[in-house]
Amino acid sequence: MEESTLEKLKYPIGKFVIPESYTTEYLNEKISELVAFPEKLKKETINLSDEQLNTPYRPGGWTIRQVIHHCAESHMNCFIRIKWTLTENNPVIKAYDEVLWSELPDNKTMPIEASLTLLTGLHSRLVYIMQNLSSDDLEKSFIHPESNLELKLKRIIGMYAWHSNHHLAHITTLKKSKNWD
């Protein structure tokens, strides 16, 4: 497969772009995307067969099933990281190996309903906490141990909205290419 084609399959909406400024409008838009994500994901996946759920979204990529479970796991980590950041001073968060997690039996074979349900409740909590961050809270940060980057909560809002749309696009792009309606 040509490298540019593979890159488009890996990043169907492009890579995350750090905005020049984190305006109230930008943050509200990203939070709205997070509100909508669980229902959009459910709508796109709930009626897929096991064969379809076990189809990788690209050569060498995760299956749709793994993508759904990954979203639940990643967004759980986001929620916990935000809570640490709000209750500790610039904490170093715990990283996890998402590739190894994706190979565990629950990610490879478990039905998707539990993760879809989890995302609905989790996003309710995540959105609520994001909507109630003060301007001082938005400037609070944590340190990611793999990159040693200091990430502010205002950036995390944008990153996880992008993450939601990124994985949703993996699924919708595959469905379109396979003519799955």
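**Buried cores, salt bridges and a surface patch**

At 9% relative accessibility, Lys175 counts as buried in this predicted model. Lys175 belongs to helix H9, which spans residues 153-178. Apart from neighbours within four places in sequence, Lys175 is in contact with Glu44, Leu48 and Trp180. With Glu44, Lys175 forms a salt bridge in which the closest N and O atoms are 2.7 Å apart. Because Glu44 lies in helix H2 and Lys175 in helix H9, the pair ties together parts that are 131 residues apart in sequence. Glu44 is partly exposed, with a relative accessible area of 21%.

Helix H2 covers residues 24-45, and Thr45 has its place there. The relative accessible area of Thr45 is 0%, and the residue is therefore classed as buried, the cut-off being under 20%. When residues up to four places away in sequence are not counted, Thr45 touches Leu53, Ile64, Ile68, Ile112, Leu116 and Ile171.

Helix H4, formed by residues 64-87, has 24 residues. From its first C-alpha to its last, helix H4 reaches 35 Å, close to the 34 Å expected at 1.5 Å a residue. Helix H4 is mostly covered, with 18 of its 24 residues buried.

In soluble globular proteins, nonpolar side chains tend to be buried together. In the present model, the largest nonpolar core has 23 residues. The residues with the most contacts inside this core are Cys78, Ile82, Met130, Ile156 and Ile157. Two or more residues are given to the core by each of H2, H4, helix H7 (113-131) and H9. A second, separate core has 18 residues, including Leu48, Trp62, Ile171 and Trp180. Ile157, leaving aside neighbours within four places in sequence, is in contact with Leu27, Lys30, Ile31, Leu34, Met130, Leu133 and Leu138.

Side chains of opposite charge can pair when their charged atoms come close. A search of the whole structure finds nine salt bridges. One of the pairs joins Lys30 to Glu33, with the closest N and O atoms 3.3 Å apart. Both residues lie in helix H2, three residues apart, about one turn of the helix. Lys30 is buried, with a relative accessible area of 14%, whereas Glu33 is partly exposed at 22%. Glu29, Lys30 and Glu33 are linked in a network of salt bridges.

A further salt bridge is formed by the side chains of Glu139 and Lys152, at 2.9 Å from N to O. This pair links distant parts of the chain, 13 residues apart: Glu139 is in helix H8 (residues 135-139) and Lys152 in strand E2 (residues 149-152). Glu139 counts as partly exposed, at 38% relative accessibility, and Lys152 is likewise partly exposed, at 31%.

Leu100 has its place in helix H5 and counts as exposed, at 56% relative accessibility. Leu104 lies in the loop between helix H5 (98-102) and helix H6 (105-109). With a relative accessible area of 42%, Leu104 is partly exposed. Leu104 and Gln66 are 38 residues apart in sequence, and their C-alpha atoms are 9.6 Å apart in space.

How values were computed
Residues are numbered from 1 along each chain as its sequence is written. This is a predicted model: local features need pLDDT of at least 70, side-chain atom pairs count only at pLDDT 80 or more; totals for chains, interfaces and linings use all residues. Side-chain values use heavy atoms; hydrogens and water are left out. Helices (H or I, at least four residues) and strands (E, at least two) are DSSP runs, numbered from the N terminus. Buried means under 20% relative accessible area, exposed over 50%, partly exposed in between (1.4 Å probe, protein chains only). Contact means heavy atoms within 4.5 Å. The expected span of a helix is 1.5 Å times one less than its number of residues. A nonpolar core is a set of buried Ala, Val, Leu, Ile, Met, Phe, Trp, Tyr and Cys residues joined through side-chain atoms within 4.5 Å. A salt bridge is a side-chain nitrogen of Lys or Arg within 4 Å of a carboxyl oxygen of Asp or Glu.
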